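Subject: Structure handover

Hi,

Here is the structure for you to look over. My notes follow it.

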Amino acid sequence: MELSTHKRGAINELVACTWLLKQGYQVFRNVTPDGRIDIISEKDGVLTKIDVKTQINKYGKQQLEDGISIILIDKDLNCSWIAAANRV
């Protein structure tokens, strides 16, 4: 059974949250289905705005320029972090 894009996105966000928690981050999820930021994380006093994606597109490149980091989730639910150059 194929999952809807919305359901797949929700699962990927939970995978990313779990991954961050295991690394010692505090994690705060966006509770709305829309928005440029899925997660805000905090570790050692540093807040990071994060969007969760399965691929980088033009929109994702703009987010990186705007200071939003990206967690990429592959088909096996492995996470990789792409930090924005000007993280806030």
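Below is what came out of the analysis, from the whole chain down to single residues.

**Overall fold**

Please keep in mind that this is a predicted model. The protein chain has 2 helices and 5 strands. Their order along the sequence is α-β-β-β-α-β-β.

On size, the radius of gyration is 12 Å. A compact globule of 88 residues would come out near 12 Å, so the chain agrees with that expectation. Along the principal axes, the C-alpha atoms fill a box of roughly 40 × 30 × 25 Å.

**Packing and surface**

Buried residues make up 32% of the 88 in the chain. Take the contacts with a sequence separation of 6 or more: 27% of them join residues 24 or more positions apart.

The exposed surface comes to about 5800 Å². Carbon and sulfur atoms supply 55% of that area.

Charges next. The chain carries 12 positive and 11 negative charges. The mean position of the positive charges and that of the negative charges are 2 Å apart.

**Cysteines**

How many disulfides does the structure hold? The count is 0. As a reminder, a disulfide is a covalent bond between the sulfur atoms of two cysteines.

The cut-off used for a disulfide is 2.5 Å between the sulfurs.

The cut-off for buried is under 20%.

**N12**

One asparagine deserves a look in the viewer. N12 lies in helix α1, which covers residues 5–22. Is N12 buried or exposed? N12 has a relative accessible area of 5%, so N12 is buried.

Which residues does N12 touch, leaving out those up to four places away in sequence? They are V52, T54, I73 and L77.

Best regards

Note on methods. Residues are numbered from 1 along each chain as its sequence is written. This is a predicted model: local features need pLDDT of at least 70, side-chain atom pairs count only at pLDDT 80 or more; totals for chains, interfaces and linings use all residues. Side-chain values use heavy atoms; hydrogens and water are left out. Helices (H or I, at least four residues) and strands (E, at least two) are DSSP runs, numbered from the N terminus. The radius of gyration is taken over C-alpha atoms; the globule rule is 2.2 Å times the number of residues to the power 0.38. Buried means under 20% relative accessible area, exposed over 50%, partly exposed in between (1.4 Å probe, protein chains only). Contact means heavy atoms within 4.5 Å. Accessible areas come from the Shrake-Rupley method with a 1.4 Å probe; for residues, only the protein chains shown count as cover. Lys and Arg count as positive and Asp and Glu as negative; His and the chain ends are not counted. The place of a charge is taken as NZ of Lys, CZ of Arg, CG of Asp or CD of Glu.
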